[in-house]
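Here are my notes for you on this fold, point by point. Have the picture open while you read, and follow each point on it.

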Amino acid sequence: MSRRTDLRFRATTAFQRRLNPLLRRLPLQTVLETTGRVSGLPRRTPVGGRRVGGSFWLVSEFGERSQYVRNIMADPRVRVRIRGRWLTGTAHLVPDDDPVARLRLLPRINSLGVRALGTNLLTVRVDLDA
């Protein structure tokens with residue numbers, strides 16, 4: 001990884017560490033809940049994504065470096081809060097999907113941030129339980 005990429009990652013995660021606790025408290029903010037791969041505790045991350053039929057799609061800006069992606073790799077069972085309602089599902093990493101094209105289909109404000117700050121985009125699909 002280049003020095004510039006690493007610096008961008010560190011700056012973005014430092015910013016998110018301060019902003020995310022506020023965002024995840026907003027009732028209409030979409031939140032992804034994973035299980036911590038070491039602690040086993042629930043970990044909640046505000047995300048931007050969209051429900052399409054029985055699936056919820058999002059794009060991780062740092063791919064497998066994102067903590068919630070690492071948690072998904074350890075345990076794919078997740079919960080997603082969409083419009084204040086919690087839904088359960090199974091998350092899948094979709095490396096063959098075009099994340100830039102996917103971002104065009106997702107909420108615009110979040111997509112702009114992911115494109116601007118991201119260094120290793122990765123699509124994630126959550127198959128929601130019925």
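1. A word on what you're looking at. This is a predicted model, where local features need pLDDT of at least 70 and side-chain atom pairs count only at pLDDT 80 or more, while totals for chains, interfaces and linings use all residues. Residues are numbered from 1 along each chain as its sequence is written, and side-chain values use heavy atoms, with hydrogens and water left out.

2. Now the sheet. Helices (H or I, at least four residues) and strands (E, at least two) are DSSP runs, numbered from the N terminus, and two strands pair if DSSP finds at least two bridges between them. Seven strands make an open sheet in the order β2-β1-β5-β6-β7-β4-β3, with antiparallel pairing. At the edges stand β2 (42-46) and β3 (49-52), each with a single partner strand, so one side of each has no neighbour in the sheet. From one strand to the next, the twist averages 30 degrees; axes here are lines fitted to C-alpha atoms, for helices over the stretch in contact, with angles from 0 to 180 degrees between N-to-C directions.

3. Why is strand β7 (residues 122-128) described as largely enclosed? Five of its seven residues are buried, so the rest of the structure largely encloses the strand. (Buried means under 20% relative accessible area, exposed over 50%, and partly exposed in between, using a 1.4 Å probe and protein chains only.) Strand β4 (residues 55-60) runs antiparallel to β7 and is joined to it by six bridges; valine 59, for instance, has threonine 123 as its bridge partner in β7. Strand β6 (residues 85-94) is also antiparallel to β7, with six bridges, and there threonine 90 is partnered by aspartate 127.

4. Further along the sheet, strand β1 (residues 31-35) pairs with β5 in the antiparallel sense over three bridges.

5. Helix α2 (residues 67-74) lies across β1, β2, β4, β5, β6 and β7, running at about 50 degrees to β1. Which residues of α2 are buried? They are Tyr68, Val69, Asn71 and Ile72. Looking down the helix axis, the buried residues fall within an arc of 160 degrees, so they line one face of α2 (the arc is that of the directions from the helix axis to the C-beta atoms). Their cover includes β1, β2, β4, β5, β6 and β7.

6. On to the greasy bits. A nonpolar core is a set of buried Ala, Val, Leu, Ile, Met, Phe, Trp, Tyr and Cys residues joined through side-chain atoms within 4.5 Å. The largest one has 16 residues, and Leu32, Phe56, Ile72 and Val126 touch the most other members. Two or more residues each come from β4, α2, β5, β6 and β7, and the largest share, four residues, is from β7. There is also a second, separate core of five residues, including Trp57, Val59, Val94 and Leu106.

7. Two buried polar residues deserve a look. Serine 60, in strand β4, is buried, with a relative accessible area of 0%. Its side chain has a 2.8 Å polar contact with that of serine 66. (A polar contact is a pair of N or O atoms within 3.5 Å; within protein, one must be able to donate a hydrogen and the other to accept it, and residues adjacent in sequence count only if both atoms are side-chain atoms.) Glutamate 33, in strand β1, is buried at 11% relative accessible area, and its side chain makes a polar contact of 2.6 Å with the side chain of arginine 44.

8. Finally, a couple of loop residues. Arginine 83 sits in the loop between β5 (77-82) and β6, and is exposed at 73% relative accessible area. Although arginine 83 is not a glycine, its phi is positive, about 50 degrees. Leucine 105, in the loop between α3 (99-103) and α4 (108-117), counts as exposed at 51%.

Methods
Contact = heavy atoms within 4.5 Å.
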